[in-house]
Amino acid sequence: MTDRLNSWVSSANSAETEFPLNNLPYGVFSSVDRSCHCGVAIGDQILDVTTVADAFDIPANVFASGAWNDFMELGPKTWESFRAALMDRLAEGTDARLELEPHLVAQAEVQLHMPFTVTEFTDFYSGRHHATNVGTMFRGAGNALPPNWLHIPIGYNGRASSIVVSGTDVQRPMGQLKGPNDVLPYFGPSARFDFELELGAIVGTPSNGPISVDQADANIFGYVLLNDWSARDIQAWEYQPLGPFQAKATATTISPWIVTTAALAPFRVHAPERKFELLDHIKDSGPMLFDIALEVDLTTATGKQATISRTNYREMYYSSAQQLAHHTSCGCPMRTGDLLGSGTISGPDKGSHGSMLELSWGGKEPLSLGHGIFRSFIEDGDTISMRGHAIGSGYLIGFGHCAGTILSAQALGFARGIHKGKSRFHLD
């Protein structure tokens, strides 16, 4: 484990900052006198790399789009040389301070935006504790995991168009729901709206055919925190036989900073012990998970806040590299800007579960937030905020918050005939 590296940006030398010199995550910001610019977080500042690209031998037009996609397309050698130059010129004692300091902007004075343009989104189901919990609820402990789960990273193709950056409000979805006594469906607001704590991997290098796990690992540019908002009641009615659809299409929230694979390298860990040896195309080739401590807070509309989950990314059964390698195994092309959701990150204990579905055990065991407040699922006005930190020697590697507030549902014009009785919307 490396020690903290010191910078001439003094706020980057605090043991509490998420953005020391060891991190240097990539984001996009705007302020009163700036349109969307690409920036690098350092302490409580942002280095505006759009205005200082030439100092790093990067063509200015690479950052002109206000997203990191064009930079990603330059490839791993450029990623490596750019990061090395940043670390060198932001390091304590460097002569570059006079050149770069005028290009620093305080994080507190800017608005953060989507850090990259998402081309495609695939979400996986790769947390064994989560899959076991959900399977136990619906099929019983003896049949919790389907036969393929321990052999293959299960996933589905999601909606890139509904991915939003942290701080974006999320409207409770309307949808078709199963009626009382399994008779006829009705159309109404989801009453079992949920979060899912995940890590998102960003494909930087495109591929046009099958790639190995090691190549997949090299093709991943970096990671973001990811909240896969899920309408459990809509999902329960629609998921057979083809799986999630509208239940997962409302929104997916990501954190504003891309933490590079290089920054997380000191925190690599091996996958948990496997029951079966994996097939060659996704076989473990080394430590490809990361030791990232994760937390989820719920804040009510009245300001009451509670930390409702603490877990770690090292609990996952399949790494992002294995998911990506499997995704390409049929010949599926992958493009720069593709996003892969890890699947819900849950630990073995109730306090480490990564969704309300698990924390309240399907609504049967409401979760206490203190102050006499309980939750089975997310209510209007609630804010879900996720944090993640790899913890080094005297420093943290952080992602910034991944947060969203739930707004009440907005009924569609054609839904005038929906039933408004409480029995249709109560939490079982």
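Mentor: Start with burial: at 1% relative accessibility, N227 counts as buried, where buried means under 20% relative accessible area, exposed over 50%, and partly exposed in between (1.4 Å probe, protein chains only). This is a predicted model, in which local features need pLDDT of at least 70 and side-chain atom pairs count only at pLDDT 80 or more, while totals for chains, interfaces and linings use all residues. Residues are numbered from 1 along each chain as its sequence is written, and side-chain values use heavy atoms, with hydrogens and water left out.

Trainee: In which strand does N227 lie, and with which residues is N227 in contact, leaving aside neighbours within four places in sequence?

Mentor: N227 lies in strand 14; helices (H or I, at least four residues) and strands (E, at least two) are DSSP runs, numbered from the N terminus. Contact means heavy atoms within 4.5 Å. Neighbours within four places aside, N227 is in contact with F195, E196, A251, T252, T253, I384, M386 and C402.

Trainee: What lies 3.2 Å from a polar atom of the side chain of N227?

Mentor: The backbone nitrogen of E196 does. A polar contact is a pair of N or O atoms within 3.5 Å; within protein, one must be able to donate a hydrogen and the other to accept it, and residues adjacent in sequence count only if both atoms are side-chain atoms. The side chain of N69 reaches the backbone nitrogen of T117 at 2.7 Å. N69 counts as buried because its relative accessibility is 10%, and its contacts, not counting residues up to four places away in sequence, are F116, T117, T336 and G337.

Trainee: How many residues of helix 8 are buried, and what do they pack against?

Mentor: Helix 8 (residues 320–328) is mostly covered, with 9 of its 9 residues buried. Those residues pack against strand 6 (121–124), strand 7 (155–157), strand 13 (197–203), helix 5 (213–219), strand 14 (220–228) and strand 22 (339–341). Q322 and H326 are among the buried residues of helix 8, and both are in contact with I282.

Trainee: Is I282 buried or exposed, and where is its place?

Mentor: I282 is buried, with a relative accessible area of 0%, and its place is in the loop between strand 18 (268–269) and strand 19 (289–290). Leaving aside neighbours within four places in sequence, the contacts of I282 also include H151, I152, P153, V213 and Y318.

Trainee: How do I compare the span of a helix with what is expected, say for helix 4?

Mentor: The expected span is 1.5 Å times one less than the number of residues. Helix 4 (residues 128–139) has 12 residues and reaches 15 Å from its first C-alpha to its last, close to the 16 Å expected. Its buried residues are H130, A131, N133, V134, G135 and M137, and helix 9 is included in what covers them. Just after helix 4, G140 takes a positive phi of about 90°.

Trainee: Which backbone angles deserve a second look?

Mentor: Most residues other than glycine have a negative phi, and most peptide bonds are trans. D57, with phi near 60°, has a positive value; its place is in the loop between strand 3 (45–48) and helix 1, and D57 is exposed, with a relative accessible area of 71%. W361 has a positive phi near 50° and lies in the loop between helix 9 (356–359) and strand 23 (367–370). At a relative accessible area of 26%, W361 is partly exposed. The peptide bond from Q240 to P241 is cis, with omega near 10°, and P241 lies in the loop between helix 6 (232–238) and strand 16 (252–254).

Trainee: How many cavities of 30 Å³ or more does the structure hold, and which residues line the largest cavity?

Mentor: Rolling a probe the size of a water molecule over the atoms shows where empty space is left. On a 1 Å grid over the protein atoms alone, a cavity is a set of points where a 1.4 Å probe fits but cannot get out, and lining residues have an atom within 4 Å of a point. Grid points are joined across faces, edges and corners, and a volume is the space filled by probe spheres set on the points. The structure holds 1 cavity of 30 Å³ or more, and the largest cavity has a volume of about 30 Å³. Its lining is A271, R274, D284, G286, M288, L289, Y317, Y318, S319 and Q322.

Technical notes: On a 1 Å grid over the protein atoms alone, a cavity is a set of points where a 1.4 Å probe fits but cannot get out, and a pocket is an open set with protein on both sides within 12 Å along at least five of seven lines; lining residues have an atom within 4 Å of a point.
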